[in-house]
2 protein chains.
Amino acid sequence: MKPSHRHRVVVIGAGFGGLATVRAMRDTAVDVVLIDANNFHTFSPLLYQVATAGLAADDIAYAVRGVFRRQRNVEVRMARVTAIDIDAHEVRTNVGAPISYDTLVIAAGAVTHTFGVRGADEHALMMKTLDDAVALRDHVLRRFEAAAADPALIAEGALNVVVCGGGPTGVELAGALMELFDRVLAKDFPRLDVHASRVVLVEAADRLLGAFKPASGERARRTLAKRRVEIVTGVGVSEIDATSVTLNNGTRIPAHTVIWAAGVRANPLAEIAGLPTGRGGRIVIDDALATPTHPEVFAIGDIAANPQNPLPQVALPAIQQGKHVAAQIGHRLHDEPLTAFHFHDLGSMATIGRLDAIAEFPGGLRLAGPFGWIAWLGLHLIRLMGFRNRANVFVSWAWNYLTYDRGSRLLAESE
Amino acid sequence: MKPSHRHRVVVIGAGFGGLATVRAMRDTAVDVVLIDANNFHTFSPLLYQVATAGLAADDIAYAVRGVFRRQRNVEVRMARVTAIDIDAHEVRTNVGAPISYDTLVIAAGAVTHTFGVRGADEHALMMKTLDDAVALRDHVLRRFEAAAADPALIAEGALNVVVCGGGPTGVELAGALMELFDRVLAKDFPRLDVHASRVVLVEAADRLLGAFKPASGERARRTLAKRRVEIVTGVGVSEIDATSVTLNNGTRIPAHTVIWAAGVRANPLAEIAGLPTGRGGRIVIDDALATPTHPEVFAIGDIAANPQNPLPQVALPAIQQGKHVAAQIGHRLHDEPLTAFHFHDLGSMATIGRLDAIAEFPGGLRLAGPFGWIAWLGLHLIRLMGFRNRANVFVSWAWNYLTYDRGSRLLAESE
């Protein structure tokens with residue numbers, strides 16, 4: 001990379017935070033290099049729909065180069081970051097020469113964390129990346145195909161699923177899986193007793209949706225139970241193997257599919273960078289979103305946390321932080337002081353299934369059931385990037401809603 | 001599988017021929033078992049659009065179980081056929097017990113054939129399956145990402161593509177690749193000299209589109225040449241390695257992407273079955289579409305050929321044969337004589353790029369340019385199965401046409 005006379009900002013990660021940062025520097029007199037291991041942005045709130053065959057993988061992903069086609073100060077690099085040399089102001093990747101920076105923005109997000117639960121890393125399926133979601137869909141569909149060839153497998157738990165973790169991801173996934181089983185696969189496999197399958201949602205805390213109000217957690221529990229999801233709260237998972245899950249109270253649940261949605265930690269890049277980290281391995285940042293020891297290094301989103309003011313690990317704080325960091329960089333260029341970041345909470349949402357979602361807004365407004373669902377659907381459609389994806393998602397959703405069909409249940413050749 | 005009191009028809013292959021056969025037995029008093037290695041049908045005429053990022057893989061595939069949801073006499077098995085025991089009337093697969101049949105319909109299609117060209121199997125990308133198309137798209141996009149990290153690769157041919165084979169697949173692919181390069185990737189990679197890339201179409205015969213009229217082949221040549229595709233006719237390929245293609249006349253073309261679209265032969269299942277085969281390894285069938293030695297075994301589509309009356313290896317003959325076989329099975333059940341199959345030629349089509357296609361109809365009518373393109377587009381939309389896919393394809397096409405954008409250019413994590 002040639003030396004540049006302009007201030008160079010390197011942004012690591014094309015998630016919500018990274019994209020927001022780069023977009024907000026549209027008119028800033030800097031050169032931006034955006035690095036991500038994938039060439040696409042994943043709209044992660046809809047991962048569970050890919051995992052349950054409601055949407056195609058392409059529907060929730062958008063080519064990063066397409067996003068920044070008209071923004072001339074951006075260079076996109078598809079590469080995995082292997083090292084950050086904080087003193088030399090350099091980022092090293094698996095391709096090409098090291099990339100030097102004047103300002104670094106670390107927005108590499110979080111990864112799944114299994115807290116040392118025995119067998120979880122080997123046997124549980126994860127729900128953090130687009131590959132995870134597609135692998136989960138494939139795994140579940142293959143269990144059904146296997147049972148179609150040998151129905152005796154059903155008694156061994158081939159069609160059972162245990163979802164570990166009762167937060168929004170676990171709740172959404174459990175609801176959507178049950179719908180997939182009872183509404184779609186029951187018709188696809190008329191000779192199988194699909195209704196003998198079990199979906200068990202296990203949460204170590206006393207209730208579902210711990211980050212929401214108790215009434216919302218209770219609402220999710222009732223709705224899921226009505227839809228045949230079994231819910232176990234107050235009990236942790238002690239061990240996972242290829243065909244079952246064992247709980248802390250000794251209960252063994254036979255299941256050929258186990259999904260881990262019970263925790264994340266900061267991307268290991270936080271450690272590679274050698275910056276001070278706090279809870280969950282997150283890089284410590286100050287009120288200005290900068291690292292206290294290296295003011296030219298900012299960190300935002302799930303990889304970072306201000307110990308005085310930790311924020312929920314969802315899209316909105318990352319997006320707002322990204323815009324704020326872009327503004328901070330502008331301040332620095334003009335020798336103005338940095339400003340403190342304040343999070344504007346716009347609410348939380350979780351969908352539980354067909355026509356049912358929970359939306360909590362600041363000030364106490366709370367929507368549930370069909371109204372919550374419509375709010376959830378509208379907001380996600382608006383936030384999905386790019387006309388094409390929006391139109392396809394709308395077509396898919398309308399189709400799913402009208403027919404209980406799922407289009408995206410393709411499997412590669414049988415093993 | 002339990003013995004059935006009804007006549008059991010086993011159909012191998014969920015391509016155009018297999019699906020048509022099963023559908024046409026909707027009201028026939030038989031039990032049908034449809035076996036395919038994938039759980040989806042591939043709309044193969046649009047594979048080249050997946051390979052060039054115009055459509056998502058899901059757009060041209062349709063879950064087989066979804067197709068036959070309402071047809072109660074069908075059982076779908078996702079399995080790879082490992083053996084056919086013609087004497088025992090049994091099909092063996094990689095999963096479950098052998099499946100016995102009263103009537104067998106072999107519709108397993110064709111596979112790529114490289115005619116022993118050195119290096120072709122190892123280094124060339126194929127264009128026969130959905131996996132092939134996705135792998136090709138990934139390969140091409142990765143070459144661009146690699147060049148973005150190291151522009152010196154361009155001089156070594158990193159962005160060059162050689163397409164071997166000037167039939168409809170090669171012509172469509174060459175045109176669509178050039179469009180992808182010049183219209184889409186040139187904008188995605190503003191720092192790369194994308195216009196320095198080459199797309200070379202090599203055909204051993206003297207002209208393109210040998211199965212079409214000479215005027216159509218000439219039209220394709222002119223249009224492709226105008227769009228910057230280099231065309232080499234009358235010269236075969238002698239060797240392919242990882243970074244180049246060597247032609248029979250000694251010319252060496254540097255290219256990090258080589259696509260083999262120059263030939264197919266019958267699915268190896270034709271040999272496994274132990275039935276007499278003819279040219280291209282195709283199972284010999286008679287006028288009634290049955291194998292002469294085993295009247296209870298029918299073979300249709302690309303895996304079969306009547307030596308007296310070989311048909312083009314495209315969707316239409318397979319579909320018509322499928323319907324005819326279903327009728328033959330009805331005749332047998334009612335002790336009526338079999339009837340001879342007659343192919344109703346409805347014409348041939350090939351698209352060359354944006355707003356340009358060739359359509360030849362029986363009786364000499366020939367459309368080219370925009371009118372051919374509109375005929376091509378309409379016919380393919382109508383034939384694509386399932387509302388959802390049709391709607392998504394339409395959205396994608398409209399989007400591509402209006403914006404020169406391509407939505408489906410996602411890559412998994414960099415190597």
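# A guided tour of chains A and B

Begin by colouring chain A by domain: the assignment gives domain 1 (7–112 + 264–333) and domain 2 (120–262), with bounds that come from an automatic or database domain assignment. This is a predicted model, in which local features need pLDDT of at least 70, side-chain atom pairs count only at pLDDT 80 or more, and totals for chains, interfaces and linings use all residues. Residues are numbered from 1 along each chain as its sequence is written, while chains are lettered from A and ligands numbered from 1 in the order in which they are written.

## Between the domains of chain A

With both domains of chain A displayed, compare their C-alpha centres, which lie 32 Å apart. Next, select the residues where the two domains meet: 15 residues of domain 1 of chain A are in contact with 17 residues of domain 2 of chain A. Two residues are in contact if their C-beta atoms, placed from the backbone, lie within 7 Å.

Which elements supply at least two residues each to the side of domain 1 of chain A that touches domain 2 of chain A? They are helix H2 (47–51) and S10 of chain A. Helices (H or I, at least four residues) and strands (E, at least two) are DSSP runs, numbered from the N terminus. H2(A) gives the largest share of this side of domain 1, with 5 residues. By residue class, this side of domain 1 divides into 10 nonpolar, 5 polar and no charged residues. Here Ala, Val, Leu, Ile, Met, Phe, Trp, Tyr, Cys and Pro count as nonpolar, Asp, Glu, Lys and Arg as charged, and the others, Gly among them, as polar.

## A loop residue in chain A

Now select Phe115(A), in the loop between strand S10 (110–112) and helix H4 (120–123) of chain A. Its phi is near 50°, a positive value in a residue other than glycine. Most residues other than glycine have a negative phi. Is Phe115(A) buried or exposed? Phe115(A) is exposed, because 12 other C-beta atoms lie within 10 Å. The rule is that a residue is buried if 20 or more other C-beta atoms lie within 10 Å of its own, exposed if 12 or fewer, and partly exposed in between, with C-beta atoms placed from the backbone.

## A sheet in chain A

Select S14, S15 and S16 of chain A, an open sheet of 3 strands in that order, with antiparallel pairing. The edge strands are strand S14 (237–240) and strand S16 (252–254) of chain A, each of which pairs on one side only. Two strands pair if DSSP finds at least two bridges between them. From one strand to the next, the twist averages 20°, taken between lines fitted to C-alpha atoms, as angles from 0 to 180 degrees between N-to-C directions.

Follow the chain through this sheet. S14(A) is joined to strand S15 (residues 244–247) of chain A by 3 bridges, and a hairpin links the two through 3 residues. Glu239(A) stands opposite Thr246(A) in S15(A), and Thr246(A) in turn stands opposite Arg252(A) in S16(A). S15(A) and S16(A) also form a hairpin, with 4 residues between them; in its turn, Gly250(A) has a positive phi of about 90°.

## On to chain B

Move to chain B and select S15, S16 and S17, which form an open sheet of 3 strands in that order, with antiparallel pairing. Strand S15 (237–241) and strand S17 (252–254) of chain B are the edge strands. Strand S16 (residues 244–247) of chain B pairs with S17(B) over 3 bridges, and the partner of Ser244(B) in S17(B) is Pro254(B).

Next is His89(B), in the loop between strand S6 (81–85) and strand S7 (90–93) of chain B. Its phi, near 55°, is positive in a residue other than glycine. His89(B) is partly exposed, with 19 other C-beta atoms within 10 Å.

For a covered element, select helix H1 (residues 16–24) of chain B, where 7 of 9 residues are buried. Among them are Phe16(B), Leu19(B) and Val22(B).

## Last stop: the nonpolar core

Finally, select Ile106(A), Ile259(A), Ile106(B) and Ile259(B), the residues with the most contacts inside the largest nonpolar core, which has 262 residues. Such a core is a set of buried Ala, Val, Leu, Ile, Met, Phe, Trp, Tyr and Cys residues joined through C-beta atoms within 7 Å. Leaving aside neighbours within four places in sequence, the contacts of Ile106(B) include Ile12(B), Leu269(B), Val297(B) and Ile303(B).
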